[in-house]
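Please open the model in your viewer and keep the selection panel at hand.

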Amino acid sequence: MTAQILDGKKLAKQIRTELAEQVTRFAAETKVTPTLAAVLVGDDPASDVYVRNKRRDCAEVGIESILHRLPAETSQSELLSLIAKLNIDSQVHGILVQLPLPKHINTEQVLEAIAPTKDVDAFHPENVGRLVQGRPVFLPCTPHGVVELLKRNNIPIAGKHVVVVGRSDIVGKPLSIMLAQKGADATVTLCHSRTQNLPEVTRLADILVVAIGKPNFITADMVRPGAVVVDVGINRTDAGLVGDVDFDAVSKVAGHITPVPGGVGPLTRVMLLINTLSAARVSSQHN
Ligand SMILES: Nc1nc2c(c(=O)[nH]1)N[C@@H](CN(C=O)c1ccc(C(=O)N[C@@H](CCC(=O)O)C(=O)O)cc1)CN2
């Protein structure tokens, strides 16, 4: 068996085309250009690439983006005061603080300082709480990207057993919640570093989602033949960019598989655009 590739790059392009039309219509109706403020602290090369790509995506669909690049030595209070300014700036609809932040910065405090109505990453505790209660304003970008990738490829989720490997605040935890909600209706198992007999559990998955940041961790023997395998990992190795799944081996067993690069990553970026447009819509309804 050779798995069918779930092409995130192509799908992201298609969604950006749809979004560009929606942004044009919104701007014509409201005379407002949706605007994203991107905050980049320090000089992490990967973060630099991600923010550049996010800004390029914004430009492609007609969203304005403003970059606030701060030196690595920026203090907690300097960063908090920039966020406070962005919170009350009526020209800014979405605020993105690129992670990871330098070690001396308290990330939780920074994310909590972002106004929930401008929190286009959906990391603020209020937005996490809303997600858990099934009444989200914004959906977190990577989990939303995973769900959209499955839906738009006509992969059924309801009633399926989804095994999520990795319990991060950004991916594993929110994704498990989204998939178990009414409407998605999956049965979800959330695995982590202390899970016993992991291969036995992953082999039960109809859909296996992996987000642990360990290159080629998921091997062919951990996958049920015909399963859908979604690789959220992005690991920079001597052999280049690889996911958490041993792609060559697992694609011989799985029914569907996402590549790295070109799988979930491009959809993460597209979901940020969707949230920024949605933040601008909410703001224009209140003004
Ligand atoms: N504020 C945030 N910080 C971080 C997030 C996030 O969602 N919000 N997630 C990750 C990084 N990330 C988004 O910022 C991200 C990572 C990778 C990609 C992507 O498009 N990957 C490409 C490969 C790109 C490359 O060459 O490195 C792919 O998979 O095809 C998009 C977004 C941590 N920080």
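Which helix gives the most to the shell around the ligand? Select helix 10 in this predicted model: helix 10 makes the greatest contribution to that shell, with four residues.

Next, display the whole shell. The ligand is surrounded by 21 residues, and the closest are Y50, L99, P261, G265 and T268. Helix 2, strand 4 (94-97), helix 6 (141-152) and helix 10 are the elements that supply two or more residues each. Colour the shell by residue class: twelve of its residues are nonpolar, seven are polar and two are charged. Colouring by domain shows that domain 1 (31-115) and domain 2 (141-265) each provide at least three residues of the shell.

Now move to helix 2, residues 45-61. At 1.5 Å a residue, its 17 residues should span 24 Å, and the end C-alpha atoms lie 25 Å apart, which agrees. Select Y50, K54, D57, C58 and V61, which are buried in helix 2. Viewed down the helix axis, the buried residues fall within an arc of 105°, so they line one face of the helix. Y50, one of these buried residues, is also among the closest residues to the ligand.

To see what covers this face, show helix 1 (8-30), strand 2 (35-41), strand 3 (64-70) and helix 10 (264-286), which are included in the cover over the buried residues of helix 2. Then turn to the other side of helix 2, where P45, V49, R56 and A59 are exposed.

Note on methods
Residues numbered from 1 in each chain as written. Predicted model: local features only at pLDDT ≥ 70, side-chain atom pairs only at ≥ 80, totals over all residues. Expected span 1.5 Å × (residues − 1). Buried ≥ 20, exposed ≤ 12 C-beta atoms within 10 Å, placed from the backbone. Arc of directions from axis to C-beta. Contact = placed C-beta atoms within 7 Å. Near = placed C-beta within 6 Å. Nonpolar A, V, L, I, M, F, W, Y, C, P; charged D, E, K, R; others polar. Domains from an automatic or database assignment.
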